[in-house]
Amino acid sequence: MEKFKDQSTLHLFEKGLITENQFEEVKTYRSLKIFSLNAELKLFLYLSVLLFTSGIGILIYENIDTIGHIAILSLLLIVIAVCFFYCFKHSKDFQKSETTFEHPVLEYLVLAGNILTCIFIGYLQFQYKPFGEHYGLATLVPTIVSFFCAYYFDNRSVLTIAITGLAAYVGLSVTPQDIFNDSNNLYASQSLSYSAVMLGVLLVLWTIYSQRISLKAHFGLVFLTFALHIVSIAAISNLTGYETLIWILFALILAGSTYYFYKASYQYKTMSLYVFMIVYAYIGGNIVLFRIFENVDFSDIWELLIFLLPAYFIGSIIMFIKLIKNFHKEIAE
């Protein structure tokens, strides 16, 4: 690895992209064998937040009868207030462009405060039901808080919590009524699928709008990643339905999703979008192909199909690798 880096630096010097003095400074710096612990420290900070919030949950579960509900809620509220007070005090004012904390610890304090807020609201609703039987509100309120914190503090981790909460709210607001009031489970599944597709479309539209008004445009990749998974999984899950119009409709939705995210992966130059787009398109394409030929009698040529099946999968793997290599080469230019 070090040899590769030295060769790359020498190549830059030979091309005249860096001066001789810069070349010598790079060589001197690398000879010191200094390495950064930034990624490792951030990983430990992230794990500490997860362990702390998990510990709070375990503490509540194991001592709920001895500590008391009011005491637990009061403790949670105090910790949340301390986290957000410190974050608001040391953060910059809201900005539409990408911002960073002066100290990385504050970013994880925002995450901890947000997770504890979700725990607090969920525990409050479970024990005292301030929202009555409207459990969707108990999901929507922490979702709104999460979106506010994500945009104000420019925190992608909190944004993922917010989008997850929004997806949960959509599920809670659609499926329970269908499940309990309608005996047809297929209808309930389709209702959830339609809601999932609509949510994915809304996430895409919000991404486009945010790009136009330059509102946290760097959040676009997070929104698009969720939209890709939500729409694709909803479409693929309905390709095996018995109603012809239904699976054709979701096949068209998957085709449109594939085309859009193909373009988006080049726009954002993101390998993850491109890879998952190909995987979902491949799975959906094979299901559609099977549905088209499901009523065809292959009894006379089944031996040929068995012989060609390994070649088909090997060819698919080769094509997948080739597509990935071409994409990497194109976005690197």
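The model is predicted: local features need pLDDT of at least 70, side-chain atom pairs count only at pLDDT 80 or more, and totals for chains, interfaces and linings use all residues. Residues are numbered from 1 along each chain as its sequence is written, and side-chain values use heavy atoms, with hydrogens and water left out.

## Overall build

The chain has 12 helices and zero strands. Helices (H or I, at least four residues) and strands (E, at least two) are DSSP runs, numbered from the N terminus. Along the sequence the pattern reads α-α-α-α-α-α-α-α-α-α-α-α.

Of the 333 residues in the chain, 33% are buried. Buried means under 20% relative accessible area, exposed means over 50%, and partly exposed lies in between (1.4 Å probe, protein chains only).

A contact means heavy atoms within 4.5 Å. Among contacts in the chain with a separation of 6 or more, 70% join residues 24 or more positions apart.

## Confidence

pLDDT is the predictor's confidence in each residue, from 0 to 100. The chain averages 81, and 80% of the residues score at least 70. Among the elements, helix 1 (residues 2–14) has the lowest mean pLDDT, 61. Helix 9 has the highest, 93. Over residues 174–188 pLDDT stays under 50. For this stretch the model has 11 contacts beyond four places in sequence.

## The nonpolar core

In soluble globular proteins, nonpolar side chains tend to be buried together. A nonpolar core is a set of buried Ala, Val, Leu, Ile, Met, Phe, Trp, Tyr and Cys residues joined through side-chain atoms within 4.5 Å. Here the largest such core has 61 residues. V110, F153, L159, L203, F223 and F261 have the most contacts inside this core. Helix 5 (residues 104–128) gives the largest share of the core, 10 residues.

Take F153. Leaving out residues up to four places away in sequence, F153 touches F84, C87, F88, S91, F101 and V110.

## Empty spaces

Rolling a probe the size of a water molecule over the atoms shows where empty space is left. The search uses a 1 Å grid over the protein atoms alone. A cavity is a set of points where a 1.4 Å probe fits but cannot get out. A pocket is an open set with protein on both sides within 12 Å along at least five of seven lines. Lining residues have an atom within 4 Å of a point. Grid points are joined across faces, edges and corners, and a volume is the space filled by probe spheres set on the points.

How many cavities of 30 Å³ or more are there? The count comes to two.

For the classes below, Ala, Val, Leu, Ile, Met, Phe, Trp, Tyr, Cys and Pro count as nonpolar, Asp, Glu, Lys and Arg as charged, and the others, Gly among them, as polar.

| Space | Volume | Lining by class |
|---|---|---|
| Largest pocket | about 530 Å³ | 10 nonpolar, one polar, one charged |
| Largest cavity | about 90 Å³ | three nonpolar, four polar, three charged |
| Second largest cavity | about 30 Å³ | five nonpolar, four polar, one charged |

The largest pocket is lined by 12 residues. L289, F290, L305, L309 and Y312 lie nearest its centre. Helix 11 (271–292) and helix 12 (302–332) each supply at least two lining residues. Helix 12 gives the most, with six.

Residues lining the second largest cavity include Y151, W206, K216 and F223. Helix 8 (185–213) and helix 9 (220–237) are the elements that give two or more residues to this second lining. The largest share, four residues, comes from helix 8.

T258 is in helix 10 (residues 244–268). Is T258 buried or exposed? T258 is buried, because its relative accessible area is 19%. Beyond four places in sequence, T258 touches M277 and A281.

Most residues other than glycine have a negative phi. D154 has a positive phi, near 55°. D154 is found in the loop between helix 6 (135–153) and helix 7 (156–181). At 9% relative accessibility, D154 counts as buried.

S214 also has a positive phi, near 55°. S214 lies in the loop between helix 8 and helix 9. With a relative accessible area of 44%, S214 is partly exposed.
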